[in-house]
Amino acid sequence: MQRHLISAADLTRDDAVQILDTAEEMARVADRPIKKLPTLRGRTIVNLFFEDSTRTRISFEAAEKRLSADVINFTAKGSSVSKGESLKDTAQTLEAMGVDAVVIRHGASGAPYRLANSGWIDAVVINAGDGTHQHPTQALLDAFTMRRRLVGRDAGIGRDLAGKRITLVGDVLHSRVARSNVDLLHTLGAEVTLVAPPTLVPVGVDTWPCEVSYDLDAVLPKSDAVMMLRVQRERMNAAFFPTEREYSRRYGLDGERMAKMPEHAIVMHPGPMVRGMEITAEVADSERCTVVEQVANGVSIRMAVLYLLLGGNQPAVTHTRIEEK
């Protein structure tokens with residue numbers, strides 16, 4: 001694998017399957033009474049979050065602590081960033097403290113790439129979401145959930161998602177989750193379809209390795225998994241659809257629409273959900289919805305990524321044996 005995890009597009013099929021298989025091993029740790037491994041003992045990891053987060057931040061922190069790493073949590077609010085400190089100065093401060101890895105979430109697309117390639121810091125960089133660009137660990141946990149549900153927990157080992165039909169519905173324009181999933185699912189052999197209002201489809205989407213549809217009802221009967229995306233109002237600077245009611249009527253998933261899906265098909269959501277907008281409470285609370293399962297799988301995937309990138313198969317501290325003469 002490469003040294004950093006910046007984009008889902010950087011992963012080869014073998015890289016992605018290796019992460020999914022390693023996550024399967026990590027998931028077994030969660031079933032133990034003591035959910036700890038000594039793998040990253042002595043390593044220091046900083047969670048550098050410039051944007052609000054619940055699931056991703058807590059998931060990374062849980063993964064790091066289960067691998068016995070020393071964890072430093074950094075949020076922009078209450079730090080020198082609020083006083084005007086730049087990303088470069090923050091990075092150099094962390095470098096001076098000798099951190100081994102940085103998990104970064106930033107509102108600016110490209111910030112993790114800049115951090116990884118600028119020479120400001122000599123540490124592993126993991127992208128936890130940058131602007132509307134990428135969110136690779138979210139795509140990995142989504143693929144992990146799909147493989148478990150659609151292929152099987154044990155049967156899925158070593159396998160990809162070849163032939164599976166995945167539909168992503170909603171605000172594709174502002175969604176880093178959609179971009180990451182399109183890249184990764186294509187790499188894993190799945191057939192991806194995007195469904196959204198024309199105003200929420202990005203320019204240049206015809207170059208993406210996926211199909212585009214504006215009719216949700218036509219796509220649902222042939223989907224193995226349907227992922228609903230939140231309308232990201234905090235990133236919108238214009239009116240992209242007339243009313244919430246009309247959006248929900250055309251692109252929301254309710255019980256009637258869920259009934260059109262194949263019996264084995266699952267409903268996914270990266271969170272946070274807006275009940276009554278893109279998904280009804282009936283669907284969100286149904287057995288076919290994997291939202292809570294995705295959160296649990298997120299810890300296993302992030303444990304796997306940290307393990308593989310930080311060389312978890314090597315001891316954190318090497319002891320030199322001194323022979324007496």
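This is a predicted model: local features need pLDDT of at least 70, side-chain atom pairs count only at pLDDT 80 or more; totals for chains, interfaces and linings use all residues.

Residues are numbered from 1 along each chain as its sequence is written, and side-chain values use heavy atoms, with hydrogens and water left out.

An unreviewed UniProt entry places the feature "binding site" at Lys 83, Arg 176 and Arg 230. UniProt positions are given in the numbering used here, feature names are shortened, and annotations may be inferred rather than shown by experiment. Of these residues, Arg 176 and Arg 230 are included in the lining of the largest pocket. On a 1 Å grid over the protein atoms alone, a pocket is an open set of points with protein on both sides within 12 Å along at least five of seven lines, and lining residues have an atom within 4 Å of a point.

Arg 176 lies in helix H6, residues 176–187; helices (H or I, at least four residues) and strands (E, at least two) are DSSP runs, numbered from the N terminus. Is Arg 176 buried or exposed? Arg 176 counts as buried because its relative accessibility is 8%, where buried means under 20% relative accessible area, exposed over 50%, and partly exposed in between, with a 1.4 Å probe and protein chains only.

Arg 230, by contrast, is found in the loop between strand E8 (225–228) and helix H8 (244–251). Leaving aside neighbours within four places in sequence, Arg 230 is in contact (heavy atoms within 4.5 Å) with Asp 171, His 269, Pro 272, Val 274 and Glu 278.

His 135 is buried, with a relative accessible area of 2%, and touches, among others, Arg 105 and Arg 176. Gly 271 is partly exposed, at 23%.

Finally, the cores. A nonpolar core is a set of buried Ala, Val, Leu, Ile, Met, Phe, Trp, Tyr and Cys residues joined through side-chain atoms within 4.5 Å. Which members of the largest core touch the most other members? Of its 82 residues, they are Met 146, Leu 184 and Ile 301. A second, separate core of 19 residues includes Ile 6 and Val 125.

Terms used
On a 1 Å grid over the protein atoms alone, a cavity is a set of points where a 1.4 Å probe fits but cannot get out, and a pocket is an open set with protein on both sides within 12 Å along at least five of seven lines; lining residues have an atom within 4 Å of a point.
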